[in-house]
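Subject: A structure to look through

Dear colleague,

Please open it first, and then read on for what was found in it.

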Amino acid sequence: MRRYLYVSLAAAFGVIALKLGAWHFTGSVGFLSDALESLVNVVAAAFALLMVAIAGRPPDSDHPYGHTKAEYFSSALEGLLIGVAALGIAAEAVHRLLQPHPVHAVPAGVALNALATLINLGVARWMLSGARRLRSIVLEADARHLLADVWTSVGVIVGVSLVPLTGWLWLDPIVGIVVAGHIVGEAWRLVARSVDGLMDRSLPDADIAEVNLVLQRYRNVDVRFDHVRTRRAGTRRFVSMHMHMPAHWSLGRAAHCRLQVERALTEHIAGLVATIEMLPQGEESLLDGANPPATRGAPEG
Ligand SMILES: [Zn+2]
């Protein structure tokens, strides 16, 4: 995980240098705002490294469930940073609409910016595959941020290239506004995902179906499951449930049965933490009451 973040941090410094070079040659405000957007990448990547270091810590007495939710702060902050950068680009574009001015040495600037964009695209695709493998929202946030940066650059390159060809000074700011709109969408999705994580949203339907499949195998005349609840914190997935068994069973027999279910669940779903409360048939714990809550896709009976 850290290898991905260190590489993205190093790449971001190179990309900023190239984009500042493009601005220096052309005097294009589009290239300058593009470079500023990459600066946000560096801040975000540094912050993500810090958060991953915190999330990786083992549980301690102050945080007995671990520190995995730290990831959500990172992705929420990145979403906000992307949004702010997009608004900055839009403001700059509006300013250029009102006060058009020409750009110089466009081919040199485009070449530098295109090279920076190719670096970003390569790093982003590499990080996205890593994020899928590691199920990391931090890596995914960073990769999506880089992809948003690629879109910004493509828009800026096209806009700036067409200005000397057509003489349309308004084209550059219009492209900038369209690209900023796309980036705001990316930012919104990142913030929404972080909120889902912090609000203990249940696991995706595929994971819940997998839990159902396992419980189906152990469900019979004697054994019944209810109050099945799932949540996710960073890379870890949690399920808790009641396991109702005949009141006359010995505690040893019930515990043996419970252990089998726990083992099957953690074997089928990687990184799952299962909490199974044993109860006799017809009895419920005080907290959960007699009527199980309607849980999305959760098995009952
Ligand atoms: Zn129950």
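The side chains of H227 and H242 are joined by a polar contact of 3.1 Å, in a model that, please keep in mind, is predicted rather than determined by experiment. H227 lies in strand 1, and with a relative accessible area of 1% this residue is buried, since the cut-off for that word is under 20%. The backbone of H227 also deserves a look, for its phi is positive, about 50°, although the residue is not a glycine. As background, most residues other than glycine have a negative phi.

Where else does a residue other than glycine have a positive phi? One such place is R135, with a phi near 50°, and this residue sits in the loop between helix 4 (106–134) and helix 5 (137–166). R135 has a relative accessibility of 46%, and therefore counts as partly exposed. A positive phi, near 70°, is also found at G27, the residue that follows helix 1. Helix 1 itself covers residues 2–26, and its 25 residues should span 36 Å at 1.5 Å a residue, which agrees with the 36 Å between its end C-alpha atoms.

Which residues of helix 7 are buried? They are D207, I208, V211, V214, L215 and Y218, and, seen down the helix axis, they fall within an arc of 120°, so they line one face of the helix. The buried residues of helix 7 pack against strand 1 (224–233), strand 2 (236–245) and helix 8 (251–268), whereas the face turned away from them carries the exposed residues D205, A206, L213 and R217.

Turning to the whole chain, you will find eight helices and three strands, which run α-α-α-α-α-α-α-β-β-α-β from the N terminus on. The C-alpha trace spans about 85 × 35 × 30 Å along its principal axes, and the radius of gyration is 26 Å, while a compact globule of 301 residues would have one near 19 Å. Of the 301 residues, 46% count as buried, and the accessible surface comes to about 15000 Å², of which carbon and sulfur atoms hold 66%. Finally, when contacts between residues at least 6 apart in sequence are taken together, 76% of them join residues at least 24 apart.

How values were computed. Residues numbered from 1 in each chain as written. Predicted model: local features only at pLDDT ≥ 70, side-chain atom pairs only at ≥ 80, totals over all residues. Heavy atoms only, no water. Buried < 20%, exposed > 50% of the residue type's maximum accessible area, 1.4 Å probe, protein only. Helix = DSSP H or I, 4+ residues; strand = E, 2+ residues; numbered from the N terminus. Arc of directions from axis to C-beta. Contact = heavy atoms within 4.5 Å. Rg over C-alpha atoms; globule rule 2.2 N^0.38 Å. Areas by Shrake-Rupley, 256 points an atom, 1.4 Å probe, with all protein chains shown as cover. Polar contact = N/O pair within 3.5 Å; in protein donor to acceptor, adjacent residues only side chain to side chain. Expected span 1.5 Å × (residues − 1).
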